[in-house]
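Dear colleague,

Please find the structure below for your records. My notes on it follow directly after.

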Amino acid sequence: MASKVATQPAMAPAVLRLFFHDCFVNGCDASVLLDSTSHMESDKAAEPNDSLAGFEVIDEIKSRLERACPGVVSCSDVIALAARDAVSLLGGPAWNVPLGRKDARAANISAADAYLPNPHANLTELLNKFAMHGLDTQDMVALSGAHTVGTARCQNYRARVYGYDGEGKIIDPAFAEARRRTCEVGGDNAVAPFDEQSPLTFDNAYYKDLVARRGLLTSDQALYGCGGPSDNLVRTYSKDGKRFARDFATAMVKMGNIPPPPGMPVEVRRNCRRINY
């Protein structure tokens, strides 16, 4: 991870996103890494996953592990460890990663479409999505801070900056105008950083943006502006970066412990893109 991030810093948020998108679909089982076959459609084909990246990084790590210690370290453990290192390499916290996960022998594209949070989601929808996995309000607000790094495409923030999601007064006009210009120049695939202030530093600037009504996605700004515990946490994290880092690390361990459904066939895959035969 260190060598990849040194030359391609964007690989850090990409790998972190892989971990989120894996754990929210049938638990942390590396199903997101499986390629499609004649008998199975990959999670990668789900609409929320169509811009995922970083697969080659995981492949390289797994290949080295297989040469040194074949059949021992699962692909799901590789993602968990790589996500931790991605955060740390961008200046964020480090934490001890519990190990021993196993890899799924099948993908579940319908679950990927159904369970991953939507960029247009409101607060209630977000809380429900996280609660399905045993994650509470604090976990949800802290984990959303992963958006302090990385980018999103216009097709995912267009509705917010043009007011289609009913944004009203909860968007800074200058911010909305700047992002509209980005869309106009680059179209649906035009990217913008979640955090303009420090897009490749893992810090608490994301929450400062939310307080300033400069959240990029509707689902980002949903964390702040409705009152209640979510607002209080956003304000706290915007003022106390150490508290955010601590709560984020705790929530990452909790999310990383989401298990596959009982009875689901699992293994330690030798190649993260396909099951063992």
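Helix H3 (residues 55-68) has 14 residues and spans 20 Å from its first C-alpha to its last, close to the 20 Å expected at 1.5 Å a residue (that is, 1.5 Å times one less than the number of residues). Helices here are DSSP runs of H or I with at least four residues, and strands are runs of E with at least two, numbered from the N terminus. This is a predicted model, in which local features need pLDDT of at least 70, side-chain atom pairs count only at pLDDT 80 or more, and totals for chains, interfaces and linings use all residues. Residues are numbered from 1 along each chain as its sequence is written, and side-chain values use heavy atoms, leaving out hydrogens and water.

In H3, Phe55, Val57, Ile58, Lys62 and Glu66 are the buried residues (under 20% relative accessible area; exposed is over 50%, partly exposed in between, with a 1.4 Å probe and protein chains only). They lie on the same side of H3 because they cover an arc of only 165° around the axis, taken from the directions from the helix axis to the C-beta atoms. The face turned away from that buried side carries the exposed Glu56, Arg64, Arg67 and Ala68. The cover over the buried residues includes helices H1 (2-7), H2 (11-23) and H4 (75-89), with contact meaning heavy atoms within 4.5 Å.

An unreviewed UniProt entry lists His147 under "binding site"; positions follow the numbering used here, feature names are shortened, and annotations may be inferred rather than shown by experiment. His147 sits in the loop between helix H7 (137-144) and strand E2 (151-153). Its relative accessible area is 25%, so His147 is partly exposed.

Kind regards
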